[in-house]
Amino acid sequence: MPRAPLLRVPYTGPLPAPRIIPASAATTSGAVAALVEFLSPSLLSATTRSPQSKFSAQLDRARSVNGNGDSEKTLLLTGAGISVASGLADYRGANGTYTLNKTYRPIYFQEFCDSHEARKRYWARSFLGWTNLDKARPNRAHEACGELGRMGVVGGVITQNVDSFHSTAHPHLPTTELHGYLRSLVCLTCRSEYPRRSFQTQLSLLNPSWAAFLAEMLASGALDTENPVERRKKGLKANPDGDVDVPDAPYTSFRYPACPVCLEKPPKRADGATVRVQVDKDGALDPRSEGGVLKPAVIMFGESIPAATKVAAEEAVDAAGRILVIGSSLATYSAWRLVKKAKDMHMPIGVLNMGGVRGEDIFFGDVEDMNTGREAARLSENAEKMLPQVVRILQEMHRKMIPLV
Ligand SMILES: [Zn+2]
């Protein structure tokens, strides 16, 4: 069996500015019109599917024969750009390069698994960064996605984000979290999951001097801003994914707990021997332990995306009639290849992203001049401003369409 591809650090070279498609979408109002045009075939099919329609039963029968109930719905694929308005740092910044912190290097999966020291450093930084992430809420762009779902225009969302904003904003619209989620921890040994929020309390209790430092930073306002310049002034460096860097902090002193399930009932190895899981008197993991290590439930660089998640994402593409990328430069291959798959299936592709997108010529090279946005749309606009406008227009169209059918 071929080895599962590992999540790699994204391509970071400069991306050329996009060619706006259709050309009329170079203004915000033109972009809104183009996106309405792109989504309207999904609206049309949603309207004919509605219970008011005399054709709906007929259509449902036709669809069940094809075995595909969502064939005209739009699939959304979202990235960090959609969460920027929620106050979270964007990996790439407006110009498509790492602008936040040039020295930022994410932790690798193998490093996390193998090194107690690397985990101490990771959890210390995560401990300081969590407060901001936990406070952040979905924004109007996520809510617009939920509204498009309720209207039947959007059938599902695939997100590269680990902030859980989609599942919070629209719990009823199916969402595949391609790169996992920070709201939980997973045990590397027994795969039990735990909420990150209560883990924060455990970290506070195990690391009272860090908890005091965190309280001080919160009081100083250093953590109120995602602006790296402001934060640096107050002694902090900020990275994406709730990771905060404290220069010269004694990471070596940081302690973290073990998986309670593994501690209670140490698991057995294949050869029948018991996996040793030990903690100190306060409950901090003993580095001599052979298991029970907790990891954030995100896919780290160098880690492979679970097969079930990959399959869910591919099935979402198979079930869709069109795909719209929002706030992603598709820098990670796992996301790029889903759009490529849609392209290979001759699906109309839309991209709403400020700045360039990796390899976008492949998606838009063959667009015809007469395209109004229905067959392809490439927009470089602010999603949080634009999507609510698009939703309002589609709702108006929806109201007008129902009596006609
Ligand atoms: Zn465990």
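Predicted model: local features only at pLDDT ≥ 70, side-chain atom pairs only at ≥ 80, totals over all residues.

Student: What makes both faces of strand 10 covered?

Tutor: In a regular strand the side chains alternate between the two faces of the sheet. In strand 10 (residues 349-352), Ile349 and Val351 on one side are buried, and so are Gly350 and Leu352 on the other. Buried means under 20% relative accessible area, exposed over 50%, and partly exposed in between, with a 1.4 Å probe and protein chains only.

Student: Why is strand 2 described as largely enclosed by the rest of the structure?

Tutor: Five of the six residues of strand 2 (residues 154-159) are buried, and therefore the strand is largely enclosed by the rest of the structure. Strand 2 runs parallel to strand 1 (residues 74-78), to which five bridges join it, with Val154 as the partner of Thr74. It also pairs in the parallel sense with strand 3 (residues 175-177) over three bridges, where Thr159 has Glu177 as its partner. The helices and strands named here are DSSP runs, numbered from the N terminus, with helices being H or I of at least four residues and strands being E of at least two.

Student: Why is helix 5 called roughly parallel to helix 14?

Tutor: The axes of helix 5 (residues 140-150) and helix 14 (residues 383-401) come within 8 Å and cross at roughly 25 degrees. Angles under 35 degrees count as roughly parallel, over 145 as roughly antiparallel, 65 to 115 as roughly perpendicular and the rest as oblique, so helix 5 is roughly parallel to helix 14. The contact involves residues including Ala141, Ala144 and Leu148 of helix 5, and Leu387, Val391 and Leu394 of helix 14, where contact means heavy atoms within 4.5 Å.

Student: How do you know that Ala34 is buried?

Tutor: Ala34, whose place is in helix 1, has a relative accessible area of 2%, and therefore it counts as buried. Leaving aside neighbours within four places in sequence, Ala34 is in contact with Pro22, Ala25, Thr372, Gly373 and Leu379. Of these, Thr372 is 338 residues away in sequence, yet the C-alpha to C-alpha separation is 6.4 Å.

Student: What makes His346 exposed, and what is its phi?

Tutor: His346 counts as exposed because its relative accessibility is 72%. His346 belongs to the loop between helix 12 (333-344) and strand 10, and its phi is positive, about 65 degrees, although it is not a glycine. Most residues other than glycine have a negative phi, and most peptide bonds are trans.

Student: Which peptide bond is cis?

Tutor: The bond joining Ile21 and Pro22 is cis, with omega about -10 degrees, and Pro22 lies in the segment before helix 1 (28-49).

Key:
Residues numbered from 1 in each chain as written. Heavy atoms only, no water. Pairing = 2+ DSSP bridges. Axes fitted to C-alpha atoms, helices over the stretch in contact; angles between N-to-C directions.
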